[in-house]
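Please look over the structure shown below, and then work through the questions and answers that follow.

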Amino acid sequence: MLKKIMFLCLSLFFLMGVASAQQFSEGKSTRNVLQTTGKIKQLNEIGVNLLGEGDFKEVVLKLDDKTYIVDGISGKLVTEKNLKKGLAITGYYSPMTTRSIPPQSKAFAVVIGDTNDRAIYLQVEQVLKVPNGVRVLCTNGDRLVTITSDVLVNAKNIKVGDELLVWYRMMTMSLPGQATATKAVKLNTQANCIIKLHELAGVIAVNGQEIQLASDDLLKQERTVLVPLRAVAEKLGYKVEWLAEKQQVELHKGWQTVTLKAQVTDYQLNNQMLKLDAAPQFNNGKILVPMEFFSEVLAYTTEILSTHI
């Protein structure tokens, strides 16, 4: 009797998944994103040799400036410098591979971390609005993921063609498999914007466009460097407001509202509170923030270089 009840429950769960999936048209029959999980066999001039399990057991991933290299636990973008021989990664790459042995392919994303703690890379094929978020179907047609605004503040702005990292605990056995994201990162929003601080030159470059700094605009601390907030934020397209009555600064851009105060290590992004090691500081009428503010709070890629340009 117990077995019959369990069978009926599983059958109902499966049918509910199928019914929900039918809100989408059928996914593409061809796979647009291939995947291999394993360890880096070696680094070379075009990218990495990945040896593991997946669509190809060994593949050469060609990396370029459009490849997302991501920490699979935090979802933060990192650089090729973080890739080392023997490192556990998952490579997501194009099905257009060479006939060489091993085959070579353009990498869409490289997610660092073993299979127990990494995120899944998805390209969005279809989007369905649901209460408090969206349900997205990936281009391979095999995953249907619900993303709520509690998980990703701008979830309702996800559109076809977006590239996402999603984390989830369980996926149904239906086709497509369905899951609810416990965390999500939208990669293509700000990923291609890089903020570089050249300490010796006293210059910050935003995508190669320089912001000349005054001699007292940099404040070096033990673990970071503080830089002028307004100069960098306005270059990134943010509106910066000083609210004297609250003694706080607000940044506005699209769906984002960021609030911060001098001498306070708590930063607020919409309704989310984030804590950094370093607090903003006032310096000659300007408010300086740690470089980590732009990566940890605003999700841009940052580099601190102890060199001239």
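Q: What is the bridge partner of glutamine 268 in strand 22?
A: This is a predicted model, in which local features need pLDDT of at least 70, side-chain atom pairs count only at pLDDT 80 or more, and totals for chains, interfaces and linings use all residues. Residues are numbered from 1 along each chain as its sequence is written, and side-chain values use heavy atoms, with hydrogens and water left out. Strands are DSSP runs (E, at least two residues) numbered from the N terminus, and in strand 22 glutamine 268 has as its bridge partner methionine 273.

Q: How many bridges join strand 21 to strand 22?
A: Two strands pair if DSSP finds at least two bridges between them. Strand 21 (residues 266-269) and strand 22 run antiparallel, and the number of bridges joining them is 4.

Q: Which side chain of opposite charge is nearest to glutamate 163?
A: Lys and Arg count as positive and Asp and Glu as negative, while His and the chain ends are not counted. Glutamate 163 is buried (under 20% relative accessible area, with a 1.4 Å probe and protein chains only), yet has no salt bridge (a side-chain nitrogen of Lys or Arg within 4 Å of a carboxyl oxygen of Asp or Glu). At 7.7 Å away, the nearest side chain of opposite charge is lysine 106.

Q: In which strand is glutamate 163 found?
A: Glutamate 163 belongs to the strand that covers residues 163-167, namely strand 10.

Key:
Buried < 20%, exposed > 50% of the residue type's maximum accessible area, 1.4 Å probe, protein only.
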